[in-house]
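Hi there,

Here is the structure we talked about handing over, with my notes below it.

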Amino acid sequence: MIEQRLIEFQKHGDDRGELVALEYMKDIPFKVERVYYIFDTKLGSVRGCHAHKALEQILICLKGSCTLSLEDFSGRKEYLLKSPFKGVFISGLIWREIYDFSDDCILLVLSSECFDENDYIRDYAEFKNRVNKFV
Ligand code: T46
């Protein structure tokens, strides 16, 4: 369900600064096969606008802020991402959109699989058609 997706990471900061460590099965429920990051996003841009068939991901806003919208069979929820201590876990049939990026936003994404265009559902009508089968 959309409500249970926020993960709070353990803080290892000290008087030198902050540190976050992410380990398989402790903090990340899948083996990370791919890492990418989104930054220098232009004003008014909307990213995502698709669902994945099998991919699992965790989105972490390392710097700045952005808004993540997730929609599944149960409805739609918005998350304001603005903390490197929190991640949003996305798995299952979820339509995601990301917008309202601050100028300095750096969004880190940890993925369970390498890039595969065949795993994308980029057509919203197709997503709704598939997701309605869960209701
Ligand atoms: C997601 C959101 C959060 C690659 O070649 N390899 C990659 O690993 C990725 C992610 C993208 N690309 C290529 C494919 C496109 O030609 O980079 C171009 C931009 O990708 P896309 O339009 O899919 O980017 P976003 O920001 O809309 O979506 C991405 C991920 O694709 C997606 O899985 O969940 O970030």
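Strand 5 and strand 6 run antiparallel and are joined by 7 bridges. Within that pairing, Ser69 has Glu78 in strand 6 as its bridge partner. Please keep in mind that this is a predicted model.

These two strands belong to an open sheet of 5 strands, in the order 6-5-8-3-10, with antiparallel pairing. Its edges are strand 6 (75-81) and strand 10 (120-121), each of which pairs on one side only.

Strand 5 (residues 66-72) runs antiparallel to strand 8, and 5 bridges join them; here Thr67 stands opposite Tyr99. Strand 3 (residues 47-52) is also antiparallel to strand 8, through 3 bridges, and Gly48 faces Glu97 across that pairing. Strand 8 is mostly covered, with 4 of its 5 residues buried.

**Rings and charges**

How many aromatic pairs does a search of the whole structure find? There are 6. One of them is formed by Trp95 and Phe127: the ring centres are 5.5 Å apart and the planes meet at 40 degrees, so this pair is tilted. Trp95 belongs to strand 8 (residues 95-99) and Phe127 to helix 1 (residues 124-131), so the pair ties together parts that lie 32 residues apart in sequence.

Are these two residues buried or exposed? Trp95 has a relative accessibility of 6% and counts as buried. Phe127, at 0%, counts as buried too. The cut-off behind both calls is under 20% relative accessible area. Ring pairs also bring in Tyr124, linking Trp95, Tyr124 and Phe127 into a cluster.

Two lysines are worth a look as well. Lys11 lies over the face of Phe85, 4.4 Å from the ring centre. The charged end of Lys77 sits over the ring of Tyr79, at 5.5 Å from its centre.

**The ligand**

Which residues come nearest to the ligand? Of the 13 residues around the ligand, the nearest are Arg34, Arg47, His52, Gln57 and Tyr120.

- Arg34: an N or O atom of its side chain is 2.4 Å from an oxygen atom of the ligand.
- Gly48: a backbone N or O atom lies 2.8 Å from a ligand oxygen atom. This is the Gly48 that stands opposite Glu97 in strand 8.
- Arg122: a polar side-chain atom lies 3.2 Å from an oxygen atom of the ligand.

Taken alone, the ligand exposes 650 Å², and the protein buries 67% of that.

**Strand 7 and its partners**

Strand 7 (residues 86-90) is mostly covered, as 4 of its 5 residues are buried. Strand 1 (residues 6-8) runs antiparallel to strand 7, joined to it by 3 bridges, and Ile7 has Gly87 as its bridge partner there. Strand 4 (residues 57-63) pairs with strand 7 in the antiparallel sense, again over 3 bridges, with Ile58 opposite Phe89.

**Two loop residues**

Ser83 is found in the loop between strand 6 and strand 7. With 19% relative accessibility, Ser83 counts as buried, because the cut-off is under 20%. The side chain of Ser83 reaches the backbone nitrogen of Phe85 at 3.0 Å. This Phe85 is the residue whose ring face has Lys11 over it.

Asp14 is in the loop between strand 1 and strand 2 (34-39). Its relative accessible area is 36%, so Asp14 is partly exposed. The side chains of Asp14 and Arg16 are joined by a polar contact of 2.6 Å. How far apart are Asp14 and Trp95 in space? They are 38 Å apart, C-alpha to C-alpha, and 81 residues apart in sequence.

Happy to go through any of this with you.

Best wishes

Note on methods
Residues numbered from 1 in each chain as written. Predicted model: local features only at pLDDT ≥ 70, side-chain atom pairs only at ≥ 80, totals over all residues. Heavy atoms only, no water. Phe/Tyr/Trp six-rings, centres within 6.5 Å; stacked < 30°, edge-to-face > 60°. Buried < 20%, exposed > 50% of the residue type's maximum accessible area, 1.4 Å probe, protein only. Lys NZ or Arg CZ within 6 Å of the ring centre and 35° of its normal. Pairing = 2+ DSSP bridges. Near = heavy atom within 4 Å. Polar contact = N/O pair within 3.5 Å; in protein donor to acceptor, adjacent residues only side chain to side chain. Areas by Shrake-Rupley, 256 points an atom, 1.4 Å probe, with all protein chains shown as cover.
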